[in-house]
Amino acid sequence: MILVAVGAGPEAEEEARRRWTEEKPDEYFFLEVYASAVVEHLTTLAGAGFATGRSKRQMAVLPHYSPGYPEWDIQEQPCLLDVLKRTRSERFPSSVEVFDSGMLRPKKTQLAAFGLTRHTDRLQRLTSLVPCERCSFGPCQYRRAPYRKAPRKRGRAD
């Protein structure tokens with residue numbers, strides 16, 4: 001497993017806060033969404049970078065998973081951050097902290113785990129994966145596929 005901390009930095013949060021204070025809600029909203037997209041993109045790039053070195057060893061890097069995703073309690077975020085801080089040889093570029101609620105500061109920060117496997121024959125190609133299959137947000141209007149871990153409906157026995 002490879003653990004990472006990825007963030008848009010405290011500057012993104014401060015700039016969004018400044019726009020809100022200046023009563024520019026549209027610019028605030030854009031910056032919030034943009035910072036979230038930056039974090040997701042950086043996380044994806046990290047996974048791709050890890051995959052490059054692993055393919056020579058006949059290993060594959062699995063898609064990332066984070067506290068707060070289905071079946072991983074957000075309350076485990078402090079433990080994961082502690083492991084990251086204890087095992088790094090260098091300090092983070094900026095301070096990262098976690099509240100009792102599990103929320104991170106700066107708020108556009110994500111802790112993620114990438115699994116590693118040698119069972120490459122059991123994997124789907126990344127291009128054929130559908131994110132909706134791993135998302136438990138049921139009422140999503142953009143859902144393209146059923147959630148894979150959704151409880152199966154049982155028929156009535158008459």
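Modeller: Here is a short tour of the fold, by topic.

Biologist: What am I looking at, and how are residues numbered?

Modeller: This is a predicted model, where local features need pLDDT of at least 70, side-chain atom pairs count only at pLDDT 80 or more, and totals for chains, interfaces and linings use all residues. Residues are numbered from 1 along each chain as its sequence is written, and side-chain values use heavy atoms, with hydrogens and water left out.

Biologist: What is the mean pLDDT of the chain?

Modeller: The mean is 85, and 85% of the residues reach 70 or more. pLDDT is the predictor's confidence in each residue, from 0 to 100.

Biologist: Where is confidence lowest, and where is it highest?

Modeller: Lowest is strand β2 (residues 60-61), with a mean of 84. Highest is helix α1 (residues 10-21), at 96. Helices (H or I, at least four residues) and strands (E, at least two) are DSSP runs, numbered from the N terminus.

Biologist: Which residues make up the largest nonpolar core?

Modeller: Nine of them: Trp72, Leu80, Leu81, Leu84, Phe92, Val96, Leu104, Leu111 and Ala113. Helix α3 (77-87) and strand β5 (109-114) are the elements that give two or more residues to this core. The largest share, 3 residues, comes from α3. A nonpolar core is a set of buried Ala, Val, Leu, Ile, Met, Phe, Trp, Tyr and Cys residues joined through side-chain atoms within 4.5 Å. Buried means under 20% relative accessible area, exposed over 50%, partly exposed in between (1.4 Å probe, protein chains only).

Biologist: What is Leu84 in contact with?

Modeller: Leaving aside neighbours within four places in sequence, Leu84 is in contact with Leu3, Val4, Ala5, Phe92 and Leu111. Contact means heavy atoms within 4.5 Å. Another core, of 7 residues, lies apart from the largest one and includes Val4, Val61, Ala112 and Phe114.

Biologist: Now β5. Are its faces covered or uncovered?

Modeller: Both are covered. Thr109, Leu111 and Ala113 sit on one side, with Gln110, Ala112 and Phe114 on the other. Since 6 of the 6 residues of β5 are buried, the strand is largely enclosed by the rest of the structure.

Biologist: And how many bridges join β1 to β5?

Modeller: There are 6, and the strands run antiparallel. Two strands pair if DSSP finds at least two bridges between them. Leu3 stands opposite Ala113, and Gly7 has Thr109 as its bridge partner. In β1 (residues 2-7), Ile2, Val4 and Val6 form a covered face, while Leu3, Ala5 and Gly7 form an uncovered one.

Biologist: Why does Thr109 count as buried?

Modeller: Because its relative accessibility is 13%. The Thr109 side chain also reaches the backbone oxygen of Pro106 at 2.6 Å. Pro106 is in the loop between β4 (104-105) and β5, and the peptide bond from Arg105 to Pro106 is cis, with omega near 0°.

Biologist: Which loop holds Glu23, and what is its phi?

Modeller: Glu23 is in the loop between α1 and α2 (25-55). Its phi is positive, about 60°, although Glu23 is not a glycine. Glu71, in the loop between β2 and α3, has a positive phi near 70°. Glu23 counts as exposed at 70% relative accessibility, and Glu71 does at 67%.

Biologist: Last one. How many disulfides?

Modeller: The structure holds 0 (a disulfide is a pair of cysteine sulfur atoms within 2.5 Å). Cys79 is exposed, with a relative accessible area of 54%. Cys140 is partly exposed, at 26%.

Key:
A polar contact is a pair of N or O atoms within 3.5 Å; within protein, one must be able to donate a hydrogen and the other to accept it, and residues adjacent in sequence count only if both atoms are side-chain atoms.
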